[in-house]
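Dear colleague,

Please find below the structure that I am handing over to you. My notes on it follow.

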Amino acid sequence: MIGPERFLSQGEGVRSLLEQIQENRANHAVLISGEAGTGKWTLARGLAAALLCQGEGTKPCGRCKACLQMEELAHPDVITLEKGKHLTRADEGKAKNNITIGDVREMIRQTAQHGMEGSRRVVLVKHAEDMRDDAQNALLKTLEEPPEGTFFFLTARRPETLLPTIISRCRPLRLRPWTETEMEKVLAELGTDAETARKAIRDADGSLGQAIRLAGDEAYWAFREEVMRDWMNCPSRSEILKVSGKWKDRKDEGEAVFALLERIFSRMMRRGLRVSQGEAEDALSEQWRRFAEKATAADYVKVLDRISLARERSLRNVQFQVIVEQLILDLMEAVSI
Ligand SMILES: [Zn+2]
């Protein structure tokens, strides 16, 4: 797990909160907000670990039983509220898209039962916006009078959609997107080699969590290479049949292919000439580099249109082999501007 100390570059808010935890004077409720991929959930878990850590020195130590349990999110004194993962059987199987009032009530029941002297309990609420107003109102009551030793960490992408009364009860902590340099530093500290880190950061589009996941995901890199080789760099028309034959039974991977191609071309469009000069798109063939030198926005839009047309046809159940052949042809045509 990435410890909360990695978030110090995010500013004074994180630093003072961590200090307060070390000094046993932390706020009872913190609302962590920020765009997707800024590490809200990771930070919430790290702060919970800091509160529950039994080790010596700076917390979380990362080694004690409590810290190790937090890594698996399996600490007995942590209650997690997350959409679709209900705390009671009554709500199981229903309300997949929200945190129900039943979940909040069950959490309150559990925190009230907690009676071990001096011990702490942490409630994590992932994507607090997934609570409807009734659930938020139920939570509000316990935020106003939190049981002794109970700490709440809420995360939200859009905190402005929460009830103002919830927001006013929480200490706000806003995370901003990470810079590439900051992400490189974190990945290096996690033991990722520089080359993999650079590629993962490029493909993660500003999301630290995604960059960390991608860095360790060998299947992703193999898939990416295969897609670029087969779909973008098919050597000649006579090879298309061979490639489409290889992909014809892989319709269930179609969306992953289209999404990957869209990300590659959108990034090429944003970076323009720098791509052709070799920056950050190392797997591009010579042909596509030349394309990047000459292409206008209209050329990129045409390519992106072709990809979304392929997706549409796939949704309409056009034979996948036909879709593969057409898109490869379209890309061959596009690259030869
Ligand atoms: Zn510890």
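The protein is divided into domain 1 (4-177) and domain 2 (217-335), with bounds that come from an automatic or database domain assignment. The C-alpha centres of domain 1 and domain 2 lie 42 Å apart.

This is a predicted model, in which local features need pLDDT of at least 70 and side-chain atom pairs count only at pLDDT 80 or more, while totals for chains, interfaces and linings use all residues. Residues are numbered from 1 along each chain as its sequence is written.

The largest nonpolar core has 46 residues, of which Leu47, Ala48, Val122, Leu124 and Phe153 touch the most other members. Helix H2 (residues 40-52) gives the most to this core, with 8 residues. A nonpolar core is here a set of buried Ala, Val, Leu, Ile, Met, Phe, Trp, Tyr and Cys residues joined through C-beta atoms within 7 Å. A residue is buried if 20 or more other C-beta atoms lie within 10 Å of its own, exposed if 12 or fewer, and partly exposed in between, with C-beta atoms placed from the backbone. Helices (H or I, at least four residues) and strands (E, at least two) are DSSP runs, numbered from the N terminus. A second, separate core of 26 residues includes Cys234, Phe258, Leu261 and Ile328.

Two backbone features deserve mention. A cis peptide bond, with omega of about 0 degrees, joins Lys59 and Pro60; Pro60 is in the loop between H2 and helix H3 (65-71). Asn317, although not a glycine, has a positive phi of about 65 degrees, and Asn317 is exposed, with 8 other C-beta atoms within 10 Å.

With kind regards
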